[in-house]
Amino acid sequence: MNRGRPPNRVLERGFVWLCFFATLLPIVVLALLLGDVVITGVGRLSWDFLTSFPSRNPDEAGIYPAVIGSVLLVALTGAFALPVGIATAIYLEEYGKRGRIANLVEINIANLAGVPSIIYGLLGLEVFVRFLGLGRSLLAGALTLGLLVLPIVIMASREALRTVPLEMREAGLALGATQWRTVRSVVLPMALPGILTGSILSVSRAIGEAAPLVMLGAATAMNFVPDGLLSPFTALPIQIFNWTSRPQAGFAVDAAAGIIVLMLTLLVLNGAAIWLRHRIQRRIFR
Amino acid sequence: MPRKRLVGSAARERSIERALLGCASVSIVTTFAILVIFAVETFAFFTEVPLAKFLFDTEWTPLFADAHFGIWPLVAGTLLTSALAIAVAVPFGLLSAIYLGEFAPPRVRRILKPTLELLAGVPTIVYGYFALVVLTPMLQKVIPGLAGLNALSPGIVMGVMIVPMITSLSEDAIQAVPQSLREGAYALGAGRLATIFRVVLPTALSGIAASVVLAVSRAIGETMIVAIAAGQEPRLTADPRVPIETMTTFMVQIGLGDAPTGSLGYRTLFVVGASLFVMTFTANLFSHRLARRFRER
Amino acid sequence: MRQPLLFIFLAAACGRGSGDLVAVDGSSTVFPISEAVAEEFSREHKTHVTVGASGTGGGFKKFCNGEIAIAGASRPIKPEEVEMCAKGSIEYIELPVAYDGLAVVVHPSNTWASSMTVAELAKLWAPDAQEKIKKWSDIRPDWPAKEIHLFGAGVDSGTYDYFTQAIVGKEHSSRGDYTSSEDDNVLVHGIASDPLALGFFGYAYYLENKDKLSLVAIDDEKADNGAGPILPSPQTVRDGTYQPLSRPVFIYVGKAATAKPEVAAFVDFYLARGPALVEEVGYIPLPDSAYELVRARFVGRTVGSVFGGKGSKVGVSVEDLLQAG
């Protein structure tokens, strides 16, 4: 491959450093970004802030309905998007026939990933809120966000399935297992790390969306906590976005504190998936 | 095996397959629904505005009393910011994927990978304000003529946001390359760099390509970062230092604004959305063909 | 593993929430007022209230579909929306609740533009000004021959609509080369860091950033409502001398919705306690006599718009319209 020349260790070492810095740079940017937010907002964090309702007075305003709304919303979105997305990926990858239609479907899914979130908001408004009569409810919001993140789950899961070598499937079938049994017991466990990555990315996307939810009628302020699938709701990004556009300076601090809460919520939600992924990858690949 | 059991499991197989197909059809139905919504409103739009004006006018001022409906300024804005984002995200994303997948000690990888994934979870509003209030002033000191609202700042920030998409998915693909392939290359005398570029990356190409496609789609469809930091002045330009407007910003402007919902002004939301859809579809079609040809080789 | 969790969730899930709910949505300008009212209302009532901010257009659509009881609007209802409501069989009660003053501001180091006439502003913002008016001296020869940097509301906002109608004389008619943003904080930030800047936005945003900005007094050259250039203030907006840049903002209430006791109670509360809350959030209350007329309108459940369903009118007082209507 190198025409008999020994590998250039200096170049290799330099390349490793380059890659290391490339990895570090976005993290540095993240640290700068969050550092600024944390410094501004950490003073505002308190049990009061977490359990109060919105107010016209920045010092009394809190994010209680928004936090509950976001957690419920993301849980529901995941409950819808993950099974459907993984099932779609399994179908396309394991059962689907190659051909023009399959190609079209693949292009279509990639396309859906690029549709701006506001269109999903409109779609959700027309289909879930109005046509299916779900009203401006948590369920409608979750289904809308579910459609929004579905392409991410499908694409990530598909790629995860593709990493499983063909020999594994053939071995399963050779042992007399049905196709589904092979998929369930052989392919899926091996593809699990990649599938988990997809779920992490999709949850991250869902938790940060505001515009499509506002379009479909999510509240920006409410004086109660969402209490059922068909209840009105609000979410953290909506509250944060509202606070950043208010003139009173105190609201900027509230917004920063809200962002900290959102990032922490995200960490917790993703934590389980990350830990699980790490465990499985260690077992299978090392 | 008794025949009954075979039939039973075969029937179960078929019903499972049908269930999976049902799930798969959700995304197809979604596309269909989106297209229907677009089609209805776009059709209504073009009965009032001739297609020629839409394609050939160079100004986009649909809400002005003197209205112009040329789509190109918005397209230029979208392309400019997305190109900047991809120019940042792909190199950093790939290099960090290689680092995490090939060089990083397990303990380092365990910390860095989730940290990078945190980048994907930062709400886009935060990125937008960061671009506007921190990055733009910083860049203004270095770049003459950089306006307060411009395409460069949000483009870079979008790129940073997208890096985890490329890194995470590409790194999974790289990790999944069987160790035996690498060892084969080392046995043949190849160094680490040669192994990476000639064995690992080509094997992981499918995953890497998918991550780039997702990233491009995300960049084109991103709304909030550009809405906050890039401005709302539709302008046909390639200069990243001036305010522009992207297709997505315009859509949010109309969607959450004051125009009455049945009006021509409101319809432009759908027309722009449809144009965006066509753009991404063509791009994805093209990249799909390209990837297939590359894979076959 | 998922089964028991799902069951518990479903059991808890079959709730639409307790029956009474007052749903408010619409303009993000009116949002702070509605939020304040909801906050105070919650201290005395257990009713659930949701307040959204999907924009005046989106709010009207939901309102005319019967999905919400109250729509906040930063402009009077327009003909298309009147038609939508007619189709949805929704009768609307139009209730002005406050004034929103539009402040014209410049950077504090700007010593020359302490006042401007409406005619000068019109010259500056007219569509053809994009080519002709680029320097301060193009407006008044004795002003510095330096570039003007303009800032203003986005073209799909009620603020922009009203400004163009009041100043240029025609809605949606202005030059296009100004820095626009839906978020007034961005405009504040932009003007406060640019000595050559001029912009317009809601008075509430000026109040919160007084130390970073300078107000421009406006002279509408009409003798009957205060002579000379007038600075915006709660006083001048209320007594009508700061013209033409003050506009009423509204809530539209569905007549059928008022049959529900919680909605009626909420609106009564809005009109009773609203005026005090309006000032707290940076808007300007209508004159007391105007509020009397508004309350009478609600008590009598009078439907229809005193603006003729044609959108904004400039230069007429809300009181006069209410008296006539």
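**Figure 1. Salt bridge between Arg277(A) and Glu117(B) in the predicted model.** The closest N and O atoms of Arg277(A) and Glu117(B) are 2.9 Å apart. A salt bridge here is a side-chain nitrogen of Lys or Arg within 4 Å of a carboxyl oxygen of Asp or Glu. Between chain A and chain B the count is one salt bridge. Helix α1 (residues 9-41) of chain A gives the largest share of the side of chain A that touches chain B, with 17 residues. Helices (H or I, at least four residues) and strands (E, at least two) are DSSP runs, numbered from the N terminus. The model is predicted: local features need pLDDT of at least 70, side-chain atom pairs count only at pLDDT 80 or more, and totals for chains, interfaces and linings use all residues. Residues are numbered from 1 along each chain as its sequence is written, chains are lettered from A and ligands numbered from 1 in the order in which they are written, and side-chain values use heavy atoms, with hydrogens and water left out.

**Figure 2. Interface of chain A and chain B.** Chain A contributes 86 residues to the contact and chain B contributes 88 residues, where contact means heavy atoms within 4.5 Å. The two chains bury about 7,900 Å² between them, and 77% of this lies on carbon and sulfur atoms. Buried area is the accessible area (1.4 Å probe) that two parts lose on being put together, summed over both. Across the interface, 14 residue pairs are in polar contact, both residues being at pLDDT 80 or more. A polar contact is a pair of N or O atoms within 3.5 Å; within protein, one must be able to donate a hydrogen and the other to accept it, and residues adjacent in sequence count only if both atoms are side-chain atoms. The side of chain A that touches chain B has 60 nonpolar, 18 polar and eight charged residues. Ala, Val, Leu, Ile, Met, Phe, Trp, Tyr, Cys and Pro count as nonpolar, Asp, Glu, Lys and Arg as charged, and the others, Gly among them, as polar.

**Figure 3. Val29(A) in helix α1 of chain A.** Val29(A) is buried, with a relative accessible area of 18%. Buried means under 20% relative accessible area, exposed over 50%, and partly exposed in between (1.4 Å probe, protein chains only). Apart from neighbours within four places in sequence, Val29(A) is in contact with Phe130(B) and Val160(B).

**Figure 4. Thr136(B) in helix α5 (residues 124-142) of chain B.** Thr136(B) is buried, at 2% relative accessible area. With neighbours within four places in sequence left aside, the contacts of Thr136(B) include Leu146(B), Ala147(B), Gly148(B) and Asn150(B).

**Figure 5. Interface of chain A and chain C.** The contact takes 34 residues from chain A and 40 residues from chain C. About 3,000 Å² is buried between chain A and chain C, with 49% of it on carbon and sulfur atoms. Seven salt bridges are counted between these chains. In one of them, Arg56(A) pairs with Glu280(C), the closest N and O atoms being 2.8 Å apart.

**Figure 6. Helix α10 (residues 236-244) of chain A.** Eight of the nine residues of this helix are buried, so it is largely enclosed by the rest of the structure. Among the buried residues of α10(A) are Leu236(A), Ile240(A) and Trp243(A).

**Figure 7. Leu124(C) and the largest nonpolar core.** This core has 290 residues, and those with the most contacts inside it are Leu124(C) and Phe266(C). The largest share of the core, 16 residues, comes from helix α6 (residues 138-162) of chain A. A nonpolar core is a set of buried Ala, Val, Leu, Ile, Met, Phe, Trp, Tyr and Cys residues joined through side-chain atoms within 4.5 Å. Leaving aside neighbours within four places in sequence, Leu124(C) touches, among others, Met116(C), Ile133(C), Arg175(C) and Leu198(C).

Figure 8. The peptide bond from Gln243(C) to Pro244(C) is cis, with omega near -5°. Ser89(C), which is not a glycine, has a positive phi near 55° and is exposed, with a relative accessible area of 64%.
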